[in-house]
Each structure stands twice: as C-alpha cells, then as structure tokens.
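This report looks at the pockets of a protein chain, then at one residue and at the chain as a whole.

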Amino acid sequence: MHRNKYLSVFCRLLPVCCSLLLSACDSMYVDVAPADFPPKLAVTATIDTDGRFFLSFTEARSIGSYQNWRYEEETIIRKGVVSLYDETDGSIVCTIDSSANSGFDMSLHSGRSGYATVVNGLQFAAGHAYRLTLDIDGYPVATATAVMPAPPLIEKAEADMQQTLYRSSAYRIDPSDPHTVSVSSISCHPLTLHLTDNSPERDYYMISLQNEYRYPDGTTRASQPYIAISDRAVIQDNPDIEAAQLYMDSEADAFIFDRMLLSDMSFANAAGILQLLIASDEFEERDGKYPAPSCPEDERIRVTTDICVAHLSNESHAYYRSLSLQKAGMGFFTEPVPIISNVENGYGCFSAIHSVRKTIVRYEICFDAIYGSR
C-alpha cells in the first residue's frame with residue numbers, strides 16, 4: 001500500500017519535473033562564436049589499376065567564414081600544381097600544372113562542384129605507396145598517401161543462364177539518400193563467385209557488372225546492369241545497408257546495388273562462395289535472335305558482360321561508410337558522424353583500388369532486332 005502511495009506521488013510530480021526541465025532548456029542560451037578557420041582544400045581522388053586517376057577538389061570553408069554575408073556560390077579560380085608520386089620506386093606518375101592556362105576552376109556554381117579531371121593510361125602496382133600533393137595558391141599544401149592493395153583473388157565467376165530465379169521484394173537503396181528505398185520484383189540468373197580472402201586483416205571489396213556493346217561499325221558502348229544478393233551474411237557490414245538500417249528487415253528477399261560493397265567478414269582467412277544475382281532481362285531473347293542470331297555477320301552486335309571485383313584500401317571503405325552514415329542523418333540521442341579524411345592540411349580521401357575483371361557472358365544480337373532495319 002505504501003508502494004502504491006509513493007508511485008502515485010511520483011506520477012503526479014513527473015509532469016511538473018518535465019515542465020521545469022523544458023522551461024529551463026528554453027531559457028538556456030550559450031553565446032559561442034562560430035569557428036572561423038582559413039579555407040583548405042576538399043579533395044576526392046582515386047587511383048585504379050585500370051590505369052585511371054580521378055581527381056576532384058574545391059575550397060572547404062569553416063562556418064565562421066559566413067558570419068559576414070557572402071555568396072555561397074562564388075567563382076574560385078586558382079593556379080597551382082598537382083603531383084602524383086610513386087614513393088616506392090621514387091618516380092613521378094602524373095603532374096597537372098595550371099600555369100599554362102587560366103588556372104583550376106574550383107567554382108561551385110552552374111552545376112559545378114569544383115575542379116574535376118580524369119587521367120587515363122597510367123600504371124599502378126600492388127604494394128606501392130602513392131603520394132598525392134596539391135600545391136594550390138591561397139591554401140596550405142595538401143598531401144595524402146595511399147597504398148595499392150593486392151589484386152582480389154577470384155577463383156571462379158560463373159553465371160547459370162539456364163536457371164531463372166524470382167524475388168518478389170527486392171530492395172534498391174539510393175546511395176545519395178539512404179532513406180529512399182524502392183521495392184520491386186525481379187527475375188534473375190544466379191552468378192556464383194569464388195573469392196579468396198587476401199590477408200589476415202579485414203579486406204574490403206566492391207563488385208559491379210559492365211556490359212560492352214560492340215557495333216557492326218566498330219564503335220562501342222558500355223552500360224552497367226545491377227547486381228543483387230539474397231545472402232545477408234555477405235553484406236552484413238555494407239555501408240548502404242547500415243545507413244538505411246535494412247539488415248533486419250524481414251520483408252526483403254534481395255538487395256539490389258549498382259556497386260556492392262562487402263568485406264571478408266563472412267569468409268575470413270578462407271575462400272568465400274558468394275551467390276549473386278544478375279538481371280535476366282539483360283540477356284532476354286530478342287525476336288528469337290539470341291543467343292545465335294541468324295542475321296549476317298556484319299549486322300551483329302557483340303555483347304560482353306564482365307564482373308568487376310575491386311579490392312579497396314581501408315581508407316576508401318572508411319570514407320564511403322562515413323559519408324553514407326552522415327547522409328542518413330542522426331537521431332536525437334546519437335552523436336554526429338565525422339567524415340573520415342586521410343588528407344593532411346585538407347579534407348577528403350585519396351583512395352587506391354585494385355580491379356580485376358572476369359567475363360561471365362558473351363552473346364550476339366542482331367542490329368535490326370534492337371534498332372529496326374537501317
């Protein structure tokens with residue numbers, strides 16, 4: 001009886017305590033000057049064993065720089081030099097010098113998000129350390145180092161084009177907005193991938209597909225079909241799944257990705273057998289002319305589908321994960337998600353990716369079956 005009495009008193013006092021707490025919060029004000037630091041460079045750079053060097057950078061400003069009114073979208077053009085070194089053998093891989101032109105256009109207006117370029121035809125070696133240096137007028141010299149991972153060990157990649165599977169609730173996550181998830185039914189072929197763990201440490205991989213269409217006149221076109229998976233254990237630490245909080249969603253029977261990130265958590269120090277799914281409509285019959293078209297040789301489109309497995313540096317995965325979690329936002333009781341950076345005197349990430357491709361399907365399509373008679 002005494003217990004009920006005390007409980008009754010507590011229940012009556014609880015609203016009063018809450019109202020006092022809220023009123024105290026309303027009257028609480030702390031005058032903190034916004035942090036104001038000199039601008040630095042925000043950098044995104046990737047090197048890939050495909051021979052590709054992607055670079056993008058712009059000006060990163062502190063909140064305090066806006067305490068006096070200024071345009072958010074400004075024209076920012078600076079001169080400088082970007083250098084990429086192979087520190088293992090002491091050579092210069094690539095140099096981009098703006099002194100011969102008007103400078104690097106780092107502007108953020110008219111759909112631009114700073115300066116961006118791609119350099120192809122370079123050579124990168126596994127185990128080599130590469131250093132990126134950006135010496136741009138008006139900013140501290142930004143540097144970053146990345147070590148090229150070992151090649152992913154693909155033992156087997158085989159698609160069963162005779163078997164068609166159906167998934168009624170396939171979830172596709174929008175990486176730019178983890179809260180946006182589309183659900184659809186899909187028909188697909190199974191793709192078995194045997195992937196061996198690279199090292200005793202945690203390894204991270206990115207898997208994608210690519211179609212190449214070679215036309216009768218010799219020109220080519222590429223497309224990227226989706227890749228899907230039903231085995232949740234393989235993608236238990238996928239950043240997109242984590243950000244969207246979908247791992248425990250019991251209604252999903254498949255997850256669709258343009259590029260699927262995973263680690264070796266489910267096959268550490270062993271060979272993993274990954275059961276993947278590829279869209280069957282990418283390989284559907286077209287007027288009975290697949291897979292052996294009856295049209296003349298010079299009217300056939302030759303299609304090659306490759307699976308691309310990329311071994312990522314740890315910095316690449318950590319950076320992508322932090323971006324995904326930040327885009328997902330945070331709840332009332334969660335801490336802000338810091339963006340991982342390996343750029344000294346700047347912000348962003350310099351990543352190294354080792355890619356290996358395996359052809360899983362080759363077939364031909366009649367030109368007229370797709371585009372009609374010429």
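## The largest pocket

In this predicted model, the strand that contributes most to the lining of the largest pocket is S20, which spans residues 346-366 and supplies five residues. The lining as a whole comprises 36 residues, and those lying nearest the centre of the pocket are Arg52, Met206, Arg259, Tyr320 and Ile353. The volume of this pocket is about 1,100 Å³.

By residue class, the lining of the largest pocket is made up of 19 nonpolar, nine polar and eight charged residues. Two domains take part in it, since at least three lining residues come from domain 1 (40-147) and at least three from domain 2 (153-314 + 354-371).

## The second largest pocket

Strand S19 and helix H3 (314-328) are both represented here, each with at least two residues of the lining.

When the residues lining the second largest pocket are sorted by class, three are nonpolar, five are polar and four are charged.

## Thr304 in strand S19

Strand S19, which covers residues 300-312, also contains Thr304. Is this threonine, Thr304, buried or exposed? Thr304 counts as buried because its relative accessibility is 17%, and the cut-off for burial is under 20%.

If neighbours within four places in sequence are left aside, the contacts of Thr304 are with Gln210, Asn211 and Glu212, and with Thr359, Val361 and Arg362. Of these partners, Thr359, Val361 and Arg362 fall within the residue range 346-366 of strand S20, the strand that gives the most to the lining of the largest pocket.

## The chain as a whole

The protein chain contains four helices and 20 strands. Its length is 374 residues, of which 41% count as buried, and its accessible surface comes to about 20,700 Å², with 52% of that area belonging to carbon and sulfur atoms.

Methods:
Residues are numbered from 1 along each chain as its sequence is written. This is a predicted model: local features need pLDDT of at least 70, side-chain atom pairs count only at pLDDT 80 or more; totals for chains, interfaces and linings use all residues. Side-chain values use heavy atoms; hydrogens and water are left out. Buried means under 20% relative accessible area, exposed over 50%, partly exposed in between (1.4 Å probe, protein chains only). Accessible areas come from the Shrake-Rupley method with a 1.4 Å probe; for residues, only the protein chains shown count as cover. Contact means heavy atoms within 4.5 Å. On a 1 Å grid over the protein atoms alone, a cavity is a set of points where a 1.4 Å probe fits but cannot get out, and a pocket is an open set with protein on both sides within 12 Å along at least five of seven lines; lining residues have an atom within 4 Å of a point. Grid points are joined across faces, edges and corners, and a volume is the space filled by probe spheres set on the points. Ala, Val, Leu, Ile, Met, Phe, Trp, Tyr, Cys and Pro count as nonpolar, Asp, Glu, Lys and Arg as charged, and the others, Gly among them, as polar. Domain bounds come from an automatic or database domain assignment.
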